[in-house]
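Please examine the sequence and the structure shown here before reading the explanation.

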Amino acid sequence: MTTTRKYYQDSYTTRFQARIVEHFPAGEEQQIGLVLDATYFYPSSGGQPHDLGQIQGLPVTDVYIREADQAIVHVVTGQIWQDQVTAEINRERRFDHMQNHTGQHILSQAFLQTSEAETVSFHMSGDSATIDLHTANLSGTQVQQAETLANRVIWQNRPVTARMVPQTEAEQLNVRKLPPINGTHYRLIDIDGFDLTACGGTHVAHTGEVGLLKIIKLEKRREQLRVAFVCGRRALQDYRAKNSIINKLATSFTTSYTELENAVEKQRGELKQVQKQLKKQQGLLLAYEQAHLLHNSKRTGRATIICQAFADRDVNDLRQLARALCTRPGVIVLLGLAGPNAQLVFSRAVDAPGEMGQIIKPALQVLGTAAGGGSSSFAQGGGPPADLDRVQQALERAERLLMAQLK
Ligand SMILES: [Zn+2]
């Protein structure tokens, strides 16, 4: 049985009496579907989400149109025994939908008038509302023109009315969008002197109630442009959130918000400078460290051996240090890193003797692991925690093995 859609004539009533004409188990446990003789509840359709609220004190979790007979089904959790019920719609959510849906009509017409850009689809959810325009090639100025016109129409406080019009008559009118219908009449929404379109949704009675419309994001999607916007209370929330972020940032930069972009740009420049400086200093330090290690190295007939344990270093640093030292002829480097993830890094110059891959295995056993290995010229391994003493012992073992190799 088709439900009388009271919201077609009146979007503002949120508390009403109705009679249950059908009652059935709906999917999940404890849930029932209710069909009323007439309802103000809006079912999910046309890009607008359904209303929430309650029927006889039971929460309404879903409202949808039943395909077969166009009846509106209210899904509630619990049991209802009486036929006559009192229902109440969540007014804040409904009004939010009215503001944003009316805003959508205004914005779609505004894009049409300023850039001949047609709206091909509309979608609204709890926190976003978007329209897709048939063209992706709009300039920033064009987008701003549409936004300006939309807000002008909002502030003109034009009446918004709905009426049922026979299909043949509607086709003679200058209607922005006439989708195919299965009935005989179109429901036309008329924003006085500005926009006429077919729509089944809920709208405000005067454009002024939309309050403010702000486009917040543009996204090119192939040939189309997705325009995200906020109206009314959502616009206030959006402004509030962004204002709070901007103020916090301005305070942390000790500047005014108008100077914020300059301040960030300046800091970015300084950071680049500091990074450059740091790299230079690291290079100098590395050169100094190499000289120091070479000075303390052991020289045998065929090689110069550097053996050193470190703590509080990055293993990448050690690799870099080993590589740099091994550019010198005859150098063999045995480095160890103490800490929660102890590491050994063994390396030799191309012309130096010694098998790094062979001597690292017994050395790693001193650390309590054999995870690692490598080639004759470079080997690395480690993993378990080890203190400086333990790492030193591992290096000494490696050095003894190396000396045996060099004999
Ligand atoms: Zn609408």
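The paragraphs that follow treat the domains, a sheet and a pair of helices.

This is a predicted model, in which local features need pLDDT of at least 70 and side-chain atom pairs count only at pLDDT 80 or more, while totals for chains, interfaces and linings use all residues. Residues are numbered from 1 along each chain as its sequence is written.

The chain is assigned domain 1 (4–89), domain 2 (94–250), domain 3 (256–296) and domain 4 (297–406), with bounds that come from an automatic or database domain assignment. Between the C-alpha centres of domain 1 and domain 3 the distance is 65 Å.

An open sheet of mixed pairing is formed by 6 strands in the order 16-17-18-19-21-20. Strands (E, at least two residues) and helices (H or I, at least four) are DSSP runs numbered from the N terminus, and two strands pair if DSSP finds at least two bridges between them. Strand 16 (298–299) and strand 20 (372–374) are at the edges with a single partner strand each, so one side of each has no neighbour in the sheet. Strand 18 (residues 331–337) pairs with strand 19 (residues 343–348) in the antiparallel sense over 6 bridges; Leu-337 stands opposite Gln-343 in strand 19.

The axes of helix 7 (residues 356–367) and helix 8 (residues 388–406) come within 8 Å and cross at roughly 155 degrees. Axes are lines fitted to C-alpha atoms, for helices over the stretch in contact (C-beta atoms, placed from the backbone, within 7 Å), and angles run from 0 to 180 degrees between N-to-C directions. Helix 7 is therefore roughly antiparallel to helix 8, a term for angles over 145 degrees.

Methods
Angles under 35 degrees count as roughly parallel, over 145 as roughly antiparallel, 65 to 115 as roughly perpendicular and the rest as oblique.
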